[in-house]
Amino acid sequence: VPGLQRGPSPMIDTAQLLQELTDCLDWLSHHCAPQTMQACVQDIAFAGDGEPTTSPQFAEILHNLIQILQQRRPHDRPVYVRLITNGSQLQHAHVQHALKRLNEIGGEVWFKLDAGTEAEMLAINDTHLPLSLHLQRLQTCCQLCTTWVQTAV
């Protein structure tokens, strides 16, 4: 990603995010008719220009999202909540707990694995981490939540 800076995510205005999400879901609910929202909206995804789990607010925002969705009728919410991750923060207890919660609501993780060798990982991601660490993180992820591997390999 051009201009990508590694490190923690910036602070998120949680109240504003949750209000925008609620407004968006309400708008979609009205404009998807006569279809259900599930027919129109496949998922709400934690993804972006960087790693979502680097945000210290990730678990809190996921918790709040789950509360918002549980207040809606089942047909009036997206089918899935997804996390698209490189797994770099899976050693943290708060991220692991969040993935357990994601699993409890039927959510899923798309785990990015950009290469199959350490040399390829270095060339693609400019990281010197052993492939075995990525695979260990993938295994941890699979134990916590339904997980799909997303790769170009």
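The following dialogue examines how terms are applied to this predicted model.

Mentor: This is a predicted model, in which local features need pLDDT of at least 70, side-chain atom pairs count only at pLDDT 80 or more, and totals for chains, interfaces and linings use all residues. Residues are numbered from 1 along each chain as its sequence is written, and side-chain values use heavy atoms, with hydrogens and water left out.

Trainee: Why is the pair of Phe46 and Phe58 called edge-to-face?

Mentor: Rings of Phe, Tyr and Trp (its six-membered ring) pair if their centres lie within 6.5 Å; planes under 30 degrees apart count as stacked, over 60 as edge-to-face and the rest as tilted. Here the centres are 5.3 Å apart and the planes stand at 80°, so the pair is edge-to-face. A search of the whole structure finds 1 aromatic pair.

Trainee: What makes Phe46 and Phe58 a tie between parts of the chain?

Mentor: Phe46 belongs to strand β1 (residues 43–46) and Phe58 to helix α3 (residues 58–70), so the pair ties together parts that are 12 residues apart in sequence. Helices (H or I, at least four residues) and strands (E, at least two) are DSSP runs, numbered from the N terminus.

Trainee: Why does Phe58 count as buried?

Mentor: Buried means under 20% relative accessible area, exposed over 50%, and partly exposed in between (1.4 Å probe, protein chains only). Phe58 has 3% relative accessibility and therefore counts as buried; Phe46, at 15%, also counts as buried.

Trainee: How do you know that Asp26 and Arg72 meet in a salt bridge?

Mentor: The term requires a side-chain nitrogen of Lys or Arg within 4 Å of a carboxyl oxygen of Asp or Glu. For Asp26 and Arg72 the N to O distance is 3.0 Å. Asp26 lies in helix α1 (residues 14–32) and Arg72 in the loop between α3 and β2 (80–85), so parts 46 residues apart in sequence are tied together. Arg72 is buried at 12%, whereas Asp26 is partly exposed at 40%.

Trainee: What makes Glu104 exposed?

Mentor: Glu104 has 58% relative accessibility, and therefore counts as exposed. Its salt-bridge partner is Arg101, with the closest N and O atoms 2.8 Å apart; Arg101 is partly exposed at 22%.

Trainee: Why are the buried residues of α6 said to lie on the same side?

Mentor: The buried residues of α6 are Leu131, His134, Arg137, Leu138, Cys141 and Leu144. They cover an arc of only 145° around the axis, which puts them on the same side of α6. The arc is that of the directions from the helix axis to the C-beta atoms.
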